[in-house]
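Open the model in your viewer and keep the selection tool ready. Each stop below gives a selection and what to look for there.

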Amino acid sequence: MHSASPHWRALAILLAGVFMAVLDTFIVFVAAPAIRSDLGASPAELQLLLAGYQLAYAVALITFARLGDLRGRKPVFLAGLLLFTGASAACAAAPGAGWLVAARFGQGLGAAAMFPQVLAMIHVVVPGPQRPKAFAVLGAVIGLSGVTGQLLGGILVTANLFGSPWRAIFWVNVPIGLLTLALAARFLPRTRPNGTARLDLRGTAVLTVALTLLVLPLITGREAGWPLWSWCSLAGGAVALGVFAAVERRVPAPLVRPGLLRQREFSLGMGLVLLTYAGINSFFLVLSLALQDGLGLSPLDAALTYLPFAAAFLALSLLGSRVPFAPLIGAATAGLGYAVLITLSTTPWSFAPALALIGAGQGLLVPPLLNHVLAAVPRTDAGMASGVLATGQQIGGALGVAVIGAVYYSALPGSPLHALALACGGILALTVGAIIVLRLLPRR
């Protein structure tokens, strides 16, 4: 027990960084109307405020993951945490919308530096028998931080602290970030860098262009009405990914080892990650839209509606490692929850049974999923694989929001509950796809 305590102490510190990074993906959605009113932000600036964080986060993950492999994961995590905390203070003090957009981009880069180090350090530092439990706790934190972002955002916006309805959502990161930074510097173990190779700068440049071309239209295309540039950008991103694959085959220390995606279990696991996070992120979006814009609930009341989801997710995510075939049972349970929501939910308070089923299902599915995908990866590829996995989470989430969001808005001239039902039908289809992929994966 005593020999294991340093691993759990390190995990607690790492999870504080994860919590802030994921929280800030969701908390700004709640505060966006207040920011627009206070700073006089234009629609384009507001869209950049929401998209800049996600774009920087998604595009830089693989690069920072590889830096962790090459330079050590502790220093990269510390640098990312410092950048995230400083950018949070810059957001809170922003005198105008342009400043706030730039600071949000800095937050996204800091989050991108932190997150893959967490996945890699769990894979490398935590002993094998304890790893499923560590990933279960990580999955619980990721899921709950999304719900907490909306709940905390509603509370802080309503509280109107310091005479501002939105600045407190960024100030709250600063003391937490500074405390976590001090604890991480003192207690996080150092992992040995993998050799003396240099970062693949050519691959980094090509991958950055490719991911920007792919992710930017997924984040902003729906709001812009899918103009021609968005389709050209997606096509260009696909071409750039082909160029990236060709570049990586010609360098001795590639950013992403080409053989990684040829491992059947890892490639199937990545498909499962894309489907799962497409469903999770789009569900949070359409339910929040239906509750606030459609049914007129306040941000706080809308966030309180998520409590059955949060309670069920927490309970099942911590028990999932003891449940045989937990991911398959979880996906089926979440699918049942979406079906119940489609057929039986008519008021915000009648959503509770469906949300409890969805939360329980996601609690069984998500935590073991991360461990399952990384389990077959050699320790030397832990950072690289973690970066690819985290990028898949972001791309899957952005793709789901774009597609399911379009389904929701296409039905909005009618009832918001009808639009929500149609969108949940699409999410149910994604869940069925996840079940099919789960049946193809080796059972552990």
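Select aspartate 24 first. Aspartate 24 is buried, at a relative accessible area of 0%. Keep in mind that this is a predicted model.

Arginine 104 counts as buried because its relative accessible area is 1%, under the 20% cut-off.

How many salt bridges does the structure hold? There are 3.

For the others, select Arg66, Asp69 and Arg73, which form a network of salt bridges. Aspartate 69 meets arginine 66 at 3.5 Å, N to O. These two are 3 residues apart in helix H2 (residues 43-71), so about one helical turn separates them. Arginine 73 also bridges to aspartate 69, with the closest N and O atoms 2.5 Å apart. Aspartate 69 and arginine 66 are both buried, and arginine 73 is buried too.

Next, serine 164. Find it in the loop between helix H5 (131-159) and helix H6 (168-171). Serine 164 is buried, at 6% relative accessibility. Its side chain reaches the backbone nitrogen of arginine 167 at 3.3 Å.

Move to arginine 249, in the loop between helix H9 (228-248) and helix H10 (264-294). Buried or exposed? Arginine 249 is exposed, with a relative accessible area of 60%.

Last stop: tryptophan 229, in helix H9. Tryptophan 229 is partly exposed, at 40% relative accessibility.

Conventions: Residues are numbered from 1 along each chain as its sequence is written. This is a predicted model: local features need pLDDT of at least 70, side-chain atom pairs count only at pLDDT 80 or more; totals for chains, interfaces and linings use all residues. Side-chain values use heavy atoms; hydrogens and water are left out. Helices (H or I, at least four residues) and strands (E, at least two) are DSSP runs, numbered from the N terminus. Buried means under 20% relative accessible area, exposed over 50%, partly exposed in between (1.4 Å probe, protein chains only). A polar contact is a pair of N or O atoms within 3.5 Å; within protein, one must be able to donate a hydrogen and the other to accept it, and residues adjacent in sequence count only if both atoms are side-chain atoms. A salt bridge is a side-chain nitrogen of Lys or Arg within 4 Å of a carboxyl oxygen of Asp or Glu.
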